[in-house]
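This text walks through the place where two protein chains meet, and then through one residue inside a chain. Please keep the structure in view while reading.

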Amino acid sequence: MTERTVLLVAPRPCMQHLSPLLRAWRGAGFRVERRSYDSDMPDIAAEVKRREDLTAVLLVGSSRRAPATVLPSPFVIDLAGRRVPTAWLPATDARSLRRFASTAARVHQRGGKQPGVALLSQWHPRYLHVVDRMETLLRDDHAVFHWTSDVILREGLVEAMGSGLGLGVYVGHGRPIGWVGYHGMRSRHFKAFAGEPMGAVLSLCCRTASRRRTGLSYAEALPLQGVAAASFGATSDTLHTDNTRWAVAVCDVLKEGVNTVGELIARAAPSSPNAVAPYRLIGDPLAPLASPAAALQRAHAVQVCP
Amino acid sequence: MKTNETEETLRITDDVINQLRSLLTQIQPRLPQTWPSGSLFQSELGLDSLDLVELVARVEQRYGMLISDSELPRFVSLDAMADYICARKQFDA
């Protein structure tokens, strides 16, 4: 059996804060290759292209750098032609890095086999329709939770996201500071977040990983605040048709069976480069998507408007 | 010879229409088992824009082709879509 290798590249002082995640990766059977750097961020995309032994990559770097410029896309095609999930994490401060690492480690360690998916959207017929379709595609073999903004308020959703499900997918309008749905969901709404983290949150919408007029984008804030081990967002505007392509493919891949967010993104990516280019993967590229039984129980107990 | 080529083209088009019909029935199970391939997606079959985008996404997956959003308005029926796919397949080959 081929050894699965994850490459972690981080500034030297950051490495120590990430050790819980390294232990979790090793515990999950991955070989971890660590590379620290002092000043210039290495060109990781170029390295992945030259190799054929990597399963995933996490690049950590100065938070002055924006997701749009540190990596070219959510995955890089390696020498063997495989899509290698390549994620970014801004090194803001030691506390946030430690919180991210312990969040991601917790998600790895909590186990669970059944995929549980939260479907989130803005209150708009176009997006509710996409969610309905996703629910139809998934409901036969997945626990699906319909938490769109017509049935749950922002405060309720923050709590619901703390159920600890493996995956949440948002469709609707997006901004660098957050989702337009739920009367505006911002990272500050998770300041007091004390719930169980999600495996990953995908924002299939415009600009949630963009740094335009914001210090840190919403997609970057979620893993650093312990809301999810990983997130996925766009650095620029996206097309509704492309996001629908993503939504359909995400459902297809979930139905086929998938373990990690990186694998999900790499397999679900539409063939059109324009549909993929705006997106970035943030946080742990190996974040598991399975939901523990307790998380499903908590999610079932979430109150929504009928 | 020419007749053989025409028959082959018709057979390929029929195959594509059948594949599209099957894809569309997966997307919209309420559709009947069969319907005229010239039926208009929106006005006669009651499909909406999401159904069409999903159909295009599945066509892209199945036939390994990229379809620009600007092409979407021309996909008004199975016939129109099959013609497009066959032309693209011929061109790409």
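**Where chain A meets chain B**

Across the interface of chain A and chain B, 8 residue pairs are in polar contact, both residues being at pLDDT 80 or more; a polar contact is a pair of N or O atoms within 3.5 Å, where within protein one must be able to donate a hydrogen and the other to accept it, and residues adjacent in sequence count only if both atoms are side-chain atoms. The model is predicted, so local features need pLDDT of at least 70 and side-chain atom pairs 80 or more, while totals for chains, interfaces and linings use all residues. Residues are numbered from 1 along each chain as its sequence is written, chains are lettered from A in the order in which they are written, and side-chain values use heavy atoms, without hydrogens and water.

On the side of chain A that touches chain B, the elements giving two or more residues are α6 (125-138) and α10 (240-256). Of these, α10(A) gives the most, with 6 residues. Helices here are DSSP runs of H or I with at least four residues, strands runs of E with at least two, numbered from the N terminus.

There are 4 salt bridges between the two chains, each a side-chain nitrogen of Lys or Arg within 4 Å of a carboxyl oxygen of Asp or Glu. One salt bridge joins D69(B) and R245(A), at 3.1 Å from N to O.

**A residue within chain A**

E196(A) lies in the loop between β11 (185-186) and β12 (198-204) of chain A. Its relative accessible area is 15%, so E196(A) counts as buried (under 20%; exposed is over 50%, partly exposed in between, with a 1.4 Å probe and protein chains only). The side chains of E196(A) and R106(A) form a polar contact of 2.7 Å.
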